[in-house]
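Hi,

Here is the structure I said I would send over. Have a look at it first, and then read on for what turned up.

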Amino acid sequence: MSKQFTQEEVAKHNKDGDLWVIVDSKVYDLSRFAKMHPGGLTVLLDEDVAGKDATDAFFSLHRFEILQKPQYSRLAIGAIAGAEQQIFSKAVGGLSTVPYAEPTWLTTGYHSPYYKDHHRKFQTAFRKFVEEVIIPDAHAREEDGKRPSPSVFQEMAKMNILAMRLGPGPHLKGFTLMGGIVKPEEFDYFHELIMGQEMAKINARGYGDGLGGGTYIGLPAIMNYGRPELRERVMKEVLEGRKLVCLAITEAFAGSDVAGLKCTAKRVDNGWIVTGTKKWITNGTFADYFVVGCRTEKGGLVVLFIERGEGVETKPIKTSYSTAAGTAYVTFDNVHVPYEHTLGPENDGLRVILSNFNHERWGMATACIGGQRVIVEECLKWVNQRKVFGKPLHSQAVIRSKLAAMISRVESAQNWIESITYQMNHMSYKEQSRYLAGPIGLLKKYATESAQETARDAVQIFGGRGITRTGMGRFIEHYHRTVPFDAVLGGAEDVLGDLGVRQALKYMPKNARL
């Protein structure tokens, strides 16, 4: 890259078979590549491209990452004398300087009462881990639909990320978290908030759920209600990245109506016989263990720990995101379950099922809000580099209006979730159930509704690129296609909204009058 050229020298190479272009001060020899160009030879022979500085033209058609791929970076033969490169990729683990691309606590010049120095160090290390370990596998598996690679689980286990995903608590005692950046007794819900929002940056929604999504919502029942021997064995296997758990509650017959489950557990001398089906079970196709909600003969509910084995069958369900999520239809055909695998008291399964709902919904909201911020950054970049009618796309008032709405939505949601997270850090589990069930339900409803509005606006800003699975708008297309999952999983929007209002009305003072 040490060879220097003048623009006049480059201009001489402007025809088929002898074709050079300039992109951000670098000179590329496309003579042999031109006829293999996916967009065709004509594009490269355009009078504003061949032998010219094609930087604007390039970035109106391609993402920066294209220049970093070996098959294209090798086409660079030198640079323009006296010119300096202006566009650089973000350092691994680094922060974006695009306005609103980061929450305010990570933005230069802003302050926050919530985050300490160990939160900032944790965020830097975790983002670096996501970018170096998770993202390469995420993009490959999201595309081919295979389950997340076991090696990624092993790397997560080394950093005890799998344990941290369960939130703060005694289960972290004795662990070295993220290489020792944060102590187990320091780890709080803001660390978990950071993890959820950083994971949203992988732009692979199905893979994200496949990467232990079932464990996140299924393992707490074992941790909190399993008998000591079972709890210790399963926790060790799962947190070491050797086994996977899924939560099998939803049925074709009962979704948000948990009390309407039809999968049955019949009491026998040494345990239970389980018969029934479950549907839309995240990680079900490759999970080793199932946490299953069943109806008993007495009409109550019981939650059982079931190992994959005889009588357990799983089939993949194709949804609008990748099969890397392992979404499954699960059949239990006269499966014998030892009584020691009962989680919680008999006929008190509803309490076991509901016990993790607040944490589960809060966690989903963290990722939902983080995902919105990714889309805001994509749109701000695009409107700044895209030219229409000879001007940047952001010169159009209607585009600025959409951006204003997108920014307002994500910033309001971020502030709301940080406020709730602070309360979680200062409340017992019982207090969280009393005071936060309603607010968390309303938060998730607001976050998922605003996410879908942002997805629609982003498609309008990107146009045809926003509905194309490859190229400039591929993250927009993916987001628009998969964002409804947030609105359904963990409780539908209308159900959560109703929950929030009912909780408020429950505590209305009797003497309140206009």
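Predicted model: local features only at pLDDT ≥ 70, side-chain atom pairs only at ≥ 80, totals over all residues.

Let's start on the outside. Leucine 505 has a relative accessible area of 56%, so it counts as exposed, the cut-off being over 50%. You'll find Leu505 in helix H20, which covers residues 493–506. Together with Val501 and Met508, Leu505 makes a nonpolar surface patch of about 300 Å².

Now for the inside. In soluble globular proteins, nonpolar side chains tend to be buried together. Here, the largest nonpolar core has 102 residues, and Ile134 and Ile461 touch the most other members. Helix H14 (residues 357–385) supplies the largest share of this core, with 11 residues.

What does isoleucine 461 touch, if you skip residues up to four places away in sequence? The list is Cys379, Trp382, Val383, Leu393, Ile399, Lys402, Leu403 and Met406.

Last one: is threonine 215 buried or exposed? Its relative accessibility is 8%, and buried means under 20%, so threonine 215 counts as buried. Threonine 215 belongs to helix H11, residues 213–225. Leaving out neighbours within four places in sequence, its contacts are Leu166, Pro220, Val238, Leu244, Val245 and Asn283.

Cheers

Technical notes:
Residues numbered from 1 in each chain as written. Heavy atoms only, no water. Patch = residues over 30% accessible without salt bridge, like charges linked within 9 Å, V, L, I, M, F, W, Y side chains within 5 Å. Areas by Shrake-Rupley, 256 points an atom, 1.4 Å probe, with all protein chains shown as cover. Salt bridge = Lys/Arg side-chain N within 4 Å of Asp/Glu carboxyl O. Helix = DSSP H or I, 4+ residues; strand = E, 2+ residues; numbered from the N terminus. Buried < 20%, exposed > 50% of the residue type's maximum accessible area, 1.4 Å probe, protein only. Core = buried A, V, L, I, M, F, W, Y, C linked by side-chain atoms within 4.5 Å. Contact = heavy atoms within 4.5 Å.
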